Amino acid sequence: MVRKLCKKITNELAGLSVESGLKRCFFMSKDHISRLKRRPEGITLNGKKAYTTATLSAGDMLCAEICDGETVRPTPMDMPLVVLYEDEDIIIIDKPAGVAVHSSTRNPRELTLENAFSARLKEGENFHPVSRLDRGTTGIMTVAKNGYMHHRLKRIMHTEEFRREYVGISVGRVEPESGRIELPIGFEQGSRYKRAIQPLGSPALTEYRTLQCNNGFTLMRLIPHTGRTHQLRLHMSAIGYPLAGDWLYGREDRELIARPALHSCELWLTHPLTGDKLHIVSPPPEDMLRLMR
């Protein structure tokens with residue numbers, strides 16, 4: 001079934017163009033509106049196809065599709081997903097360790113979340129990860145089922161309407177016990193994967209707070225205020241306390257833990273369409289708990 005949003009035009013909105021109405025009522029991006037213009041019933045006014053230049057009148061019914069058009073999906077692969085929340089536009093899962101988010105042309109047979117969602121989603125739905133997690137990172141991950149919701153969620157990330165917190169385990173006793181790390185991040189010279197602290201890099205801010213110290217490790221609460229790739233891992237390494245098991249920014253020790261000790265544990269989300277306040281929690285997995293015993 002085609003997903004649509006509809007709005008009855010009030011006196012306040014009368015006189016606007018259809019395009020302005022879509023932006024005002026549904027917070028639609030210019031790109032999404034452009035795609036809708038090419039669909040037979042992408043944008044309708046009083047049940048008829050509408051031009052974006054048409055003028056709105058009080059009492060009009062403006063409707064727009066929010067499902068995706070036809071796209072090529074990767075090969076569907078079965079994988080059990082732990083679903084923490086789901087509705088028509090959003091799905092929030094508890095991601096396991098060792099699973100990449102996107103499929104790769106280098107290893108097309110590898111099972112990834114993109115392949116798993118390809119097997120699960122319905123017609124008109126597609127995989128739009130909003131808060132991506134590294135292959136080794138576990139925990140709460142938000143996925144939009146259409147490009148429209150992806151745009152809406154991206155608009156509110158790192159605000160009080162879309163707030164995420166992590167737990168991580170660093171090597172050593174972190175001093176001071178809490179603080180803010182504000183160091184810009186860019187690519188390491190000569191690499192297209194590894195990141196480094198770069199004076200001309202993108203601004204990045206992390207808050208941390210010690211929860212527990214034990215056996216030469218520190219369990220911390222980590223709050224990213226920006227969303228740079230590898231931000232939490234790199235920031236903790238930059239102040240001298242890399243995450244346990246972090247082969248890229250610290251030291252790999254698979255006898256301790258077979259991945260960087262990082263888990264997305266809590267999410268506060270105000271649903272862009274319903275206004276519902278969601279609070280999702282995921283406890284740390286066994287491999288991290290074992291380190292702190």
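Me: Is Arg38 buried or exposed?
Reply: Arg38 counts as exposed, because its relative accessibility in this predicted model is 66% and the threshold for that class is over 50%.

Me: Where does Arg38 lie?
Reply: Arg38 is in the loop that runs between helix 2 (30-37) and strand 2 (43-45).

Me: Switching to Glu65: buried or exposed?
Reply: Glu65 counts as buried, because its relative accessibility is 9% and buried means under 20%.

Me: Which strand is Glu65 in, and what is it in contact with?
Reply: Glu65 belongs to strand 4 (residues 61-65). Setting aside neighbours within four places in sequence, Glu65 is in contact with Val2, Arg3, Lys4, Met28, His32, Leu36, Arg39, Glu41 and Gly42.

Me: What about the chain overall, how many helices and strands?
Reply: The chain contains six helices and 16 strands. Its C-alpha trace spans about 70 × 40 × 40 Å along the principal axes.

Me: How much of the chain counts as buried?
Reply: Of its 293 residues, 49% count as buried. The chain exposes about 15,100 Å², with carbon and sulfur atoms supplying 50% of that area.

Me: And what share of the contacts joins residues at least 24 apart?
Reply: That share is 64%, taken among contacts between residues at least 6 apart in sequence.

Terms used
Residues numbered from 1 in each chain as written. Predicted model: local features only at pLDDT ≥ 70, side-chain atom pairs only at ≥ 80, totals over all residues. Heavy atoms only, no water. Helix = DSSP H or I, 4+ residues; strand = E, 2+ residues; numbered from the N terminus. Buried < 20%, exposed > 50% of the residue type's maximum accessible area, 1.4 Å probe, protein only. Contact = heavy atoms within 4.5 Å. Areas by Shrake-Rupley, 256 points an atom, 1.4 Å probe, with all protein chains shown as cover.
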